[in-house]
Amino acid sequence: RRPGTPTRPWRVDHQRSANPYASRFGDGWEDRIANCTALKPYVCITKMVTHIFETTKATFTGTEHEDNFEFYHNALSLPQ
């Protein structure tokens with residue numbers, strides 16, 4: 001390094017991390033990804049299935065199938 005040149009932090013290869021997003025963005029990585037404009041049209045499959053389960057459970061509450069309801073959803077086959 002030449003005298004007077006600023007030091008630069010080492011470049012981190014986030015792809016080598018177990019979770020590259022957490023490596024790059026820290027603890028708030030899920031919020032950063034969710035608020036990314038390029039990803040706004042997409043939904044995490046885990047959040048989608050959780051929503052489907054909770055909504056279906058609420059629908060069957062108070063019915064004879066409250067404890068044995070089922071749902072089917074193949075989100076991967078939806079037309080785009």
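What pattern does the protein follow, read along the sequence? Here is a friendly walk through the answer and what goes with it.

1. **What you are looking at.** This is a predicted model, in which local features need pLDDT of at least 70, side-chain atom pairs count only at pLDDT 80 or more, and totals for chains, interfaces and linings use all residues. Residues are numbered from 1 along each chain as its sequence is written, and side-chain values use heavy atoms, with hydrogens and water left out.

2. **Overall fold.** Along the sequence the pattern is α-α-α, and the secondary structure comes to three helices and zero strands. Both kinds of element are DSSP runs numbered from the N terminus: helices are H or I with at least four residues, strands are E with at least two.

3. **Surface and interior.** Of the 80 residues, 5% count as buried. Buried stands for under 20% relative accessible area, exposed for over 50%, and partly exposed for what lies in between (1.4 Å probe, protein chains only). The protein exposes about 7900 Å², and carbon and sulfur atoms supply 53% of that area. Such accessible areas come from the Shrake-Rupley method with a 1.4 Å probe; for residues, only the protein chains shown count as cover.

4. **Helix H3.** Take a look at residues 45-60: this is helix H3, with 16 residues. From its first C-alpha to its last it reaches 22 Å, close to the 22 Å expected at 1.5 Å a residue; the expected span is 1.5 Å times one less than the number of residues. After H3 comes Gly62, which has a positive phi, near 90 degrees.

5. **Aromatic pairs.** How many aromatic pairs does the structure hold? There are three. Rings of Phe, Tyr and Trp (its six-membered ring) pair if their centres lie within 6.5 Å; planes under 30 degrees apart count as stacked, over 60 as edge-to-face and the rest as tilted. Tyr21 and Trp29 make a stacked pair because their ring centres are 5.9 Å apart and their planes stand at 15 degrees. Tyr21 is partly exposed at 44% relative accessible area, and Trp29 is also partly exposed, at 24%.

6. **A link across the chain.** Phe53 and Phe69 form a tilted pair, 5.7 Å centre to centre with 40 degrees between the planes. This pair links distant parts of the chain, as Phe53 sits in helix H3 and Phe69 in the segment after H3, 16 residues apart. Phe53 is partly exposed, with a relative accessible area of 38%, whereas Phe69 is buried at 17%. Ring pairs also bring in Phe60, so that Phe53, Phe60 and Phe69 are linked into a cluster.

7. **A nonpolar patch.** Phe53 turns up again on the surface, where Ile45, Val49, Phe53 and Phe71 form a nonpolar patch with about 320 Å² of accessible area together. Patches are made of residues with over 30% relative accessible area and no salt bridge; like charges are joined within 9 Å, nonpolar side chains (Val, Leu, Ile, Met, Phe, Trp, Tyr) within 5 Å. Ile45 is found in helix H3 and is partly exposed, at 45% relative accessible area.

8. The structure holds one salt bridge, that is, a side-chain nitrogen of Lys or Arg within 4 Å of a carboxyl oxygen of Asp or Glu. The partners are Asp13 and Arg16, at 3.2 Å from N to O. Asp13 is partly exposed at 40%, while Arg16 counts as exposed at 74%. As for disulfides (pairs of cysteine sulfur atoms within 2.5 Å), a search of the whole structure finds zero. Cys36 is partly exposed at 31%, and Cys44 is partly exposed at 42%.
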